[in-house]
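Here are some notes for a colleague who is opening this structure for the first time. Please keep the model in view while reading the numbered points.

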Amino acid sequence: MSAEQYFERSLAILERIRTEQQKSIQRASDLMAEAIARGGAVYVFGSGHSVLPVMDLFPRYGSFVGFRPLLDPRLMWFNVTGPGGARELLWLERQEGYARVFLQSYPLCPRDVMLVYSHGGLNAAPVEVALEAKARGLPVVAVTSLQNARQAQPTHSSGRRLADIADIVIDNCVPPEDALVRVPGLAEPLAAGSTLAAIAISMALVAEVGARLAAHGYPLQVFVSPNVTGGSLEHNQKVFAAYEQFVRRLEAERA
């Protein structure tokens with residue numbers, strides 16, 4: 001069955017991430033924990049479907065203040081065609097120069113870390129976010145398909161792929177075509193795997209970074225589900241307030 005095939009291939013990808021990418025995840029977690037502990041931020045970027053792990057990383061039950069999502073409505077979709085449509089954002093994320101303008105709104109500095117998601121790792125938006133972060137002195141962590149990076153020619157005028165720029169690359173272990181299931185009589189594969197892989201990597205990073213910070217007595221402000229014992233809406237309001245203070249401090253210190 002095609003559904004069973006999807007689960008089998010997805011589990012194989014997750015197992016490869018667990019066994020082959022553990023060292024990269026640990027190195028990235030060290031960088032991120034150090035950045036947060038010294039008052040910095042982990043900025044997180046993705047465009048197109050790669051915005052999904054950015055949105056899921058924070059605020060999310062079980063995550064905490066320290067991650068700062070970079071969300072631009074022009075690089076996400078809330079429609080298929082027309083204003084806010086996927087067709088339009090797919091055009092924009094390939095246009096050179098926009099990401100650099102977008103990042104002017106954020107006070108990036110060398111004590112921060114930039115985490116960039118892009119399955120293909122070729123489009124202008126993720127490549128230029130990584131280049132701008134490096135220019136401002138930030139280490140860059142990329143979550144991307146190394147198989148795609150190895151076989152694809154760069155399309156950005158710099159001649160570089162996202163994987164070429166990043167200090168640490170976490171391979172999502174998903175094939176370049178992303179879709180995982182072959183169906184008899186259909187040329188195109190079905191059922192994407194990169195979002196599943198990216199979310200798993202994101203939550204592994206949250207767990208590792210949080211564990212490092214907690215081990216050193218850092219006061220984590222954790223977003224929790226109000227549907228379980230001990231959780232409350234009031235608690236999460238305090239987390240939102242802590243995040244607002246976090247952002248204001250970042251901007252004030254780098255003004």
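1. Pro59 is found in the loop between helix 3 (51-57) and strand 2 (67-70), where helices (H or I, at least four residues) and strands (E, at least two) are DSSP runs, numbered from the N terminus. The peptide bond that leads from Phe58 to Pro59 is cis, with omega near 0°. Another loop, between strand 5 (168-171) and strand 6 (179-181), holds Cys173, whose phi is near 60°, a positive value in a residue other than glycine. Most residues other than glycine have a negative phi, and most peptide bonds are trans.

2. A word on the basis of these notes: this is a predicted model, in which local features need pLDDT of at least 70 and side-chain atom pairs count only at pLDDT 80 or more, while totals for chains, interfaces and linings use all residues. Residues are numbered from 1 along each chain as its sequence is written, and side-chain values use heavy atoms, with hydrogens and water left out.

3. Helix 2 (residues 22-37) packs against helix 9 (residues 194-215) at an angle of about 50°, and their axes are 9 Å apart; axes are lines fitted to C-alpha atoms, for helices over the stretch in contact, and angles run from 0 to 180 degrees between N-to-C directions. That makes helix 2 oblique to helix 9, since angles under 35 degrees count as roughly parallel, over 145 as roughly antiparallel, 65 to 115 as roughly perpendicular and the rest as oblique. The contact (heavy atoms within 4.5 Å) involves, among others, Ile25, Met32 and Ile36 of helix 2 and Leu205, Val209 and Leu213 of helix 9. By class, this contact of helix 2 with helix 9 has 10 nonpolar, two polar and three charged residues, where Ala, Val, Leu, Ile, Met, Phe, Trp, Tyr, Cys and Pro count as nonpolar, Asp, Glu, Lys and Arg as charged, and the others, Gly among them, as polar.

4. Helix 1 (residues 2-20) also meets helix 9, their axes coming within 10 Å and crossing at roughly 35°. On the helix 1 side the contact is made by Tyr6, Ser10, Ile13, Leu14 and Ile17, and on the helix 9 side by Leu196, Ala197, Ala200 and Ile201. The contact of helix 1 with helix 9 divides into eight nonpolar residues, one polar and no charged.

5. The largest pocket holds about 320 Å³ of space. On a 1 Å grid over the protein atoms alone, a pocket is an open set of points with protein on both sides within 12 Å along at least five of seven lines, a cavity is a set where a 1.4 Å probe fits but cannot get out, and lining residues have an atom within 4 Å of a point. Grid points are joined across faces, edges and corners, and a volume is the space filled by probe spheres set on the points. Of the 20 residues that line the largest pocket, His49, Leu90, Glu93, Arg94 and Asn123 lie nearest its centre. Its lining divides into seven nonpolar, 10 polar and three charged residues.

6. By the cavity rule, the count comes to one cavity of 30 Å³ or more, and the largest cavity has a volume of about 70 Å³. Its lining includes His49, Tyr117, His119 and Asn172, and helix 9 gives the most to that lining, with three residues. By class, the lining of the largest cavity has four nonpolar, seven polar and no charged residues.
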